[in-house]
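Hi everyone, thanks for coming along.

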Amino acid sequence: MAVDKSMRVLAVDDYQTMLRIISNLLQQLGFRNIDTASSGDEALDKINGNQYGLIISDWNMEPMTGLELLKEVRSKDATKAVPFIMVTAESKTENVVAARQAGVSNYIVKPFNAETLKQKISSVLGVF
Amino acid sequence: MKTKKRFTIESNQIEPEDTPSESVPDAAQPSESTASRSEITIEKIKDAVTAIVRGELNNWQPVASTSGDMASGSSAKDDDPAKNIFKELSEIQSYIETSRAEIAALKPDEGQDSQFSTAKLELQEIVDATARATNDILSESERIVEISNTLVERLPDDQLEAVGEELSALDMASTQIMLACGFQDLTGQRITKVVNTMIFVEERINKLMELWNVQKGTGTGDLISVRPDDERPDKELLNGPQKAGEGISQNDIDAMFA
């Protein structure tokens, strides 16, 4: 299955720098509809008002963390199947285990490179 | 009748006050005068320790109030447990007074910020400065990509073919620069951890000050720019970057040279 690059993608991170990096990389990969949110709450608002084909989120944010956001997404029928990739500096085993238990689609540890992001997106959406 | 316990040094036992130790026949018991001099109630010891910890006893002569010849310590008998206890208490008092003075140096003097507050602001400055620099780098990197894309759109096919590899390399380099800017996120998170640890330590020190009744602080908000063992002759002039609004501007410096 080929990646539908017209899908709406949401990038969530409380660091503007990282938001810009991820947005730029997504653009380079061909995605045209990219939204950003700088907190879990802002992300939830956008998720409730839009239909996203992919969510890429940081974990360590305040007040709502990426894990809480993931659980919210997975708890609703309308969004429970949306691919959700965690991009985070949290690299302990228990973090990955907790994210997997919460239903994360894939997991990227910062710092990462463009190829890693492409691979992980491909693993949840299909080939580019 | 309320039974008050007391500590009899000679026997190392806590006895009810209405059971005088002198009533126990024992050949090893000291003379009556020595015994009465050395009997200390637990409450007295507790009071003394509390007073020492709270800093409410200055230059305490612990033994003077109990026994005339015990204050100096020079004539104290090493085998007298009462004297040893007071000697230990005196040493504890000395240590605590030293510690109190050290901690007072952390408590800000009136009108001063604490060093912790200043240090936290400095760390925030680092986060802000790296964020600004990173955003500038990202903007220029994005501009390179835009120029590259413009060239792809405008160049005739034959010319595009000639420089195609170079343009691809330019795009890849821009991507690498962008990704390298991710350091700002990671350093920001690490600095946040340091700030949180400082808050933790500060809270504990504040509790210690409260417990040890440190009233007057002698600390300043100045951060320490050089190591205590720094021997450079101009170390007093080495203060590092100044906070926004502090120091003088390049214009002011230029004016000084005009």
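So, P111(A) sits in the loop between β5 and α5 (114-125) of chain A. The peptide bond that joins K110(A) to P111(A) is cis, with omega at about -5 degrees. Chain A has another cis bond, between E62(A) and P63(A), where omega is about -10 degrees. P63(A) belongs to the loop between β3 and α3 (66-75) of chain A.

Quick housekeeping before I go on. This is a predicted model: local features need pLDDT of at least 70, side-chain atom pairs count only at pLDDT 80 or more, and totals for chains, interfaces and linings use all residues. Residues are numbered from 1 along each chain as its sequence is written, chains are lettered from A and ligands numbered from 1 in the order in which they are written, and side-chain values use heavy atoms, with hydrogens and water left out.

While we're on backbone, hop over to chain B. N213(B) has a positive phi, near 55 degrees, and is not a glycine. Most residues other than glycine have a negative phi, and most peptide bonds are trans. You'll find N213(B) in the loop between α6 (183-211) and α7 (250-257) of chain B.

Now back to chain A, and its sheet. What is the strand order in the open sheet? Reading across, we get β2-β1-β3-β4-β5, five strands with parallel pairing; to pair, two strands need at least two DSSP bridges between them. At the edges are β2 (33-37) and β5 (106-109) of chain A, each pairing on one side only. Inside the sheet, β1 (residues 8-12) and β3 (residues 54-57) of chain A run parallel and are joined by four bridges. For one example, L10(A) has I55(A) as its bridge partner in β3(A).

Next up, salt bridges. The term means a side-chain nitrogen of Lys or Arg within 4 Å of a carboxyl oxygen of Asp or Glu. Over all chains, the structure holds 14 of them. One of these links E42(A) with K46(A), and their closest N and O atoms are 3.6 Å apart. These two are about one helical turn from each other because they are four residues apart in helix α2 (residues 40-49) of chain A.

Last stop: where the chains meet. How many residues does each chain bring to the contact? It's 17 from chain A and 17 from chain B, with contact meaning heavy atoms within 4.5 Å. Together the chains bury about 1500 Å², 56% of it on carbon and sulfur atoms; buried area is the accessible area (1.4 Å probe) that two parts lose on being put together, summed over both. On the chain A side, Y15(A), T17(A) and R20(A) lose the most area to chain B, together 41% of what that side buries.

Two salt bridges cross this interface. In one of them, R20(A) meets E142(B), at 3.0 Å from N to O. And helix α1 (residues 16-28) of chain A gives the most to the side of chain A that touches chain B, with seven residues.
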